[in-house]
Amino acid sequence: MSDPNCESVCMAAMAMADGYKPPLSPDEVRSHLAVCASCRLEVERLRAVMKLLDAQERRAHSVQVWGQVEGRLREKQVAGNRSFGWRPFFLMGLLLVGFKAIEFAPQWNVGMLFRLLPVLIAATVFGYIRENPFKINLELKLEGE
Amino acid sequence: MRGTMDDALAIRKCREGEGEAFRHLVEQYQSQAISHAVAILGNREDALDAVQEAFLDAYQALGRFDLARRFYPWFYTILRNRCYKLLATRGKREASGLDAAELLAATTCQRPEEVLSLEQALSELTPEERELITLKHLDGLSYGELSERLEIPEGTVMSRLYHARKRLHEKLTRRSTKSI
């Protein structure tokens with residue numbers, strides 16, 4: 001059985017002080033510490049640091065972040081409410097199909113103004129949902145952001 | 001126990017669309033969250049940003065939260081990710097010398113300058129080392145709890161804690177030598 005090295009002994013001694021069961025047994029640790037002065041010093045230093053840290057307390061921070069969080073949640077909600085889904089576009093599609101059906105009817109002379117109807121339908125739908133179909137989105141967002 | 005039941009009820013209400021119910025969770029855990037974020041980021045200003053973002057992330061993810069679990073350990077993972085993301089984008093702020101302790105509380109057994117000196121030594125550790133040491137000693141987490149919270153094996157917890165404490169000792173020794 002090879003002797004454990006100094007670092008693994010010191011680590012094990014520290015872990016045992018923490019209440020954790022390390023890979024090395026207490027006998028192995030004790031045997032090594034009995035003959036290695038530098039490890040005894042190291043373990044003593046570690047215990048001093050642990051004792052100093054155990055005497056500390058976390059500082060309490062009295063902050064109120066709800067205001068900012070609530071504001072951001074509201075912004076996200078408004079952005080979500082502006083999403084109309086598929087309904088306006090389905091309606092636009094129905095109207096355009098209806099327009100084409102009327103246009104192809106040979107007995108009806110629809111006239112020039114009637115031919116502008118698709119443009120009017122599209123402009124009305126986009127005006128209603130307040131979106132510019134020609135807008136280029138310059139905001140590049142990386143995945144996960 | 002009452003706190004846990006309130007958390008579950010708050011989360012259920014949030015899922016039903018009552019955004020105001022999230023206030024309970026924010027007010028319950030904001031102080032703890034700031035403190036943990038300060039441990040990683042090293043300053044309160046960045047910690048406030050990270051905590052706000054983390055709460056927003058948590059709100060978006062509430063639909064996936066398992067109500068059988070406790071809220072804060074789940075939230076801590078989100079907060080931790082936000083903190084390290086902030087560190088990656090902003091980098092560590094230049095150490096400008098602490099005027100007052102932001103991580104450690106003043107106690108009756110120690111002089112304020114001793115606490116400040118320890119905090120300054122802690123600030124010289126890496127964020128990961130500082131996080132580990134503060135979770136262990138200030139929150140009293142066991143190796144098992146640390147392993148779960150930080151998503152690393154217990155053996156790694158042992159090794160990192162050993163090295164972090166060694167480095168902290170070196171920093172403290174250097175400070176006390178300089179002050180002589």
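**Figure 1. Ser35(B), a buried residue of chain B in a predicted model**. Ser35(B) has a relative accessibility of 3% and therefore counts as buried (buried means under 20% relative accessible area, exposed over 50%, partly exposed in between, with a 1.4 Å probe and protein chains only). The residue is part of helix H2 (residues 22-41) of chain B; helices (H or I, at least four residues) and strands (E, at least two) are DSSP runs, numbered from the N terminus. Leaving aside residues up to four places away in sequence, Ser35(B) touches Arg58(A), Arg59(A) and His61(A) of chain A, and Leu103(B) of chain B. Contact means heavy atoms within 4.5 Å. The model is predicted: local features need pLDDT of at least 70, side-chain atom pairs count only at pLDDT 80 or more, and totals for chains, interfaces and linings use all residues. Residues are numbered from 1 along each chain as its sequence is written, chains are lettered from A and ligands numbered from 1 in the order in which they are written, and side-chain values use heavy atoms, with hydrogens and water left out.

**Figure 2. Helices H2(B) and H6(B)**. The axes of H2(B) and helix H6 (residues 127-137) of chain B cross at roughly 140° and come within 7 Å, which makes H2(B) oblique to H6(B). Axes are lines fitted to C-alpha atoms, for helices over the stretch in contact, and angles run from 0 to 180 degrees between N-to-C directions. Angles under 35 degrees count as roughly parallel, over 145 as roughly antiparallel, 65 to 115 as roughly perpendicular and the rest as oblique. From H2(B), His36(B), Ala39(B), Ile40(B) and Leu41(B) meet Pro127(B), Arg130(B), Glu131(B), Thr134(B) and Leu135(B) of H6(B). The contact of H2(B) with H6(B) has five nonpolar, two polar and two charged residues (Ala, Val, Leu, Ile, Met, Phe, Trp, Tyr, Cys and Pro count as nonpolar, Asp, Glu, Lys and Arg as charged, and the others, Gly among them, as polar).

**Figure 3. Gln56(A) and its contacts with chain B**. Gln56(A) lies in the loop that links helix H3 (37-54) and helix H4 (66-81) of chain A. Its relative accessibility is 4%, so Gln56(A) counts as buried. A polar atom of the Gln56(A) side chain lies 2.9 Å from the backbone oxygen of Leu52(A). Not counting residues up to four places away in sequence, Gln56(A) touches Leu104(B), Gln110(B), Val115(B), Leu118(B) and Leu138(B).

**Figure 4. The contact between chain A and chain B**. Chain A contributes 37 residues and chain B 52 residues. Between them the chains bury about 4,000 Å², of which 62% is on carbon and sulfur atoms; buried area is the accessible area (1.4 Å probe) that two parts lose on being put together, summed over both. Arg58(A), His61(A) and Trp66(A) supply 21% of the area that chain A buries against chain B, more than any other three residues.

**Figure 5. Helices H5(A) and H7(A)**. Helix H5 (residues 87-104) and helix H7 (residues 117-128) of chain A pack with axes 10 Å apart at an angle of about 170°, and are therefore roughly antiparallel to each other. H5(A) brings Pro88(A), Phe89(A), Met92(A), Leu95(A), Leu96(A) and Phe99(A) to the contact, and H7(A) brings Leu117(A), Pro118(A), Ile121(A), Ala122(A), Val125(A) and Phe126(A). By class, these are twelve nonpolar, no polar and no charged residues. Chain A has seven helices and zero strands.

Definitions and conventions. Polar contact = N/O pair within 3.5 Å; in protein donor to acceptor, adjacent residues only side chain to side chain.
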